[in-house]
Amino acid sequence: MSQLLCSGPQQTWRLEAARRQEAQETPGDFYYVHIKHKKILSHRLGLRMESFRHPGRVCEKKVSVVGSELVENYTVYIIEVTDGQHTWRVKHRYSDFHDLHEKLKAEEKVDQGLLPPKKMLGKNSKSLVELRQKELELYLQTLLLQFTEAMPTLLAKFLHFHFYEIDGITAALAEELFYKGEKLLQDGKVFIVRPLQLHAVSQQLRFAKPTSCNGDAKTDLGHILDFMCRLRYLKVTRLPVGTSNIHESSLPFDLSLFKSLHHIEVNISICTAHIQGLSCLRPSLTTLSIHHSTETMMSILVPEAVEFSQWEAEGELSNCPITAVIPVWSTLTTLDMSHNSISAIDRSVKVIPKVEFLDLSHNHLSSVENLQHLYNLVHVDLSYNNLRVLESAHTHLGNIKTLNLSGNQLDHLAGLTKLYSLVNLDLSHNQLALVIPNIGSLPCLEKLNLSSNPMCIIPDYRTKVLAQFGDRAAEVCLDGQVTTEKELDTVEVLKAIQKARDVKEKRTSSIAKVRFVKPSRKWRRGLGACTVPFYGAAQLKIGCRLHSKHAALGF
């Protein structure tokens, strides 16, 4: 043992690597090896014996070099890092290790001989690469043991702790906001954050940890909290997590830290139970967008319904006993819950009375209900659902101006003829086979989309639809195309034909109303054998003239 300690640092690494190779020890056995030989490490690192009394604490973070690969003319070593249940891989060449070691020597007073030396000849040979792989693994493991309490920023970034580990993530985010936070707030741009980052901040607040894990004021958690309290526009979305086994959809995070949010978008496949503190945003939020997250509107708008089934919205009267009064989203005007798995519009819409823009596209809706509670509704998007009929739509949709029903299974539109305030109507990609009757009765309609319906194969389909609007045909934009002069001329011809047809039908109708008048016996006798009855008005007039003439002759 004394011979090993008195040898040079390079000889120490060779002996240690050779001893481990002979013993066929795996990288995971490193901690036990060094607990067994703790005197060696305490001599080399200057550590106290007490540092090894709790090996379980050290084992929370593990590192091993699991392989290598040749890139161009140099070797890259594959490092696997473990933090609790999360693992990820990092790739570095030897020069990266050398740069790290030089900086650690200057800033952290790391032993100069800790890193295995450079090799000028045969550096890519298989035997040397395998030996160096073991030496570099021992080097990293020794650094982890040396910095158990506070890992240097240099080492944390080298091992990508700032991407995957709670302390590293919050430190990196705090440093970013230290430099850019004020400008981001002043510019009023949307701040994009990962669920993993929000989870890390939430976990930091749960544990009794120092606000700065490495003592650097730039990485203090206070920078994050101050930024969150003042931020107005936030987007939570998933970004690539590299080679880690982290599933961001399983990480809960808390939004109650955001006190001034006006706009939030959550665009990630995640269980709604993991989105905590959303109801705390009710007083300030004006736009709420949730995608790929929920099967019900209730779980987002009224999360309290899990505990209180008999609830009522604030300000609403109820004849039934209630167990909770739910505050309304007092400033929310835009709700986007598209691209979810919502099958019904439930009564939770009572708590969003000021919503003007509602997007429920790309869900599983088969009926339209409860929207009569949204008195301020202007824009409704129900595209790409499972709607087949819309009976009495005006009783639910009120005075809306824009309605998108594309991508459904509608084959008739009996329920839309009373939406007199409608300006934009999208019915594309449905099952409409006939030209819609009475569509021209909507007095404010300006944009109509009927593309990709079976009716589009009808000859002169456009002019037949535009003719429904009569004198307003020039004002209507059909299928995204402005009405041409040629189409207007054709519409005029169709109008003239229709007018003539209407006159003929009216004349025929008036003739049919004239009752049959039975001639007198004397008249019939005067006409001789003529017994033809007189039905029409013209025939009746001729009959009257003949009767007068015969009477004058004394018949």
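**View 1. Salt bridges in the predicted model, with the pair Arg194 and Glu248 in close-up.** The structure, which is a predicted model, holds 13 salt bridges, a salt bridge being a side-chain nitrogen of Lys or Arg within 4 Å of a carboxyl oxygen of Asp or Glu. In one of them the side chains of Arg194 and Glu248 meet with an N to O distance of 3.4 Å. Because Arg194 lies in the loop between β4 (191-193) and α11 (195-206), and Glu248 in the loop between β5 (233-237) and β6 (253-254), the pair ties together parts that are 54 residues apart in sequence; helices (H or I, at least four residues) and strands (E, at least two) are DSSP runs, numbered from the N terminus. Both Arg194 and Glu248 are buried, where buried means under 20% relative accessible area, exposed over 50%, and partly exposed in between (1.4 Å probe, protein chains only).

**View 2. The salt bridge between Arg462 and Glu487.** The closest N and O atoms of Arg462 and Glu487 are 2.6 Å apart, and the pair links distant parts of the chain, with Arg462 in helix α15 (residues 461-466) and Glu487 in helix α16, 25 residues apart. Arg462 counts as buried because its relative accessibility is 14%, and Glu487 counts as buried at 14% relative accessibility.

**View 3. The bend in helix α10.** Helix α10 (residues 166-187) bends by about 65 degrees at Lys180, the bend at a residue being the angle between axes fitted to the seven residues ending there and the seven starting there. The buried residues of α10, among them Ile169, Leu173, Leu177 and Leu185, pack against α8 (153-158), α9 (161-164), β4, α11 and α12 (221-230), with contact meaning heavy atoms within 4.5 Å. Just after α10, Gly188 takes a positive phi of about 70 degrees.

**View 4. A nonpolar surface patch that includes Val493.** Val493, Leu494 and Ile497 make a nonpolar surface patch of about 220 Å²; patches are made of residues with over 30% relative accessible area and no salt bridge, like charges being joined within 9 Å and nonpolar side chains (Val, Leu, Ile, Met, Phe, Trp, Tyr) within 5 Å. Accessible areas come from the Shrake-Rupley method with a 1.4 Å probe, and for residues only the protein chains shown count as cover. Val493 is placed in helix α16 (residues 485-513) and counts as partly exposed, because its relative accessibility is 47%.

Residues are numbered from 1 along each chain as its sequence is written, and side-chain values use heavy atoms, with hydrogens and water left out. In this predicted model local features need pLDDT of at least 70 and side-chain atom pairs count only at pLDDT 80 or more, whereas totals for chains, interfaces and linings use all residues.
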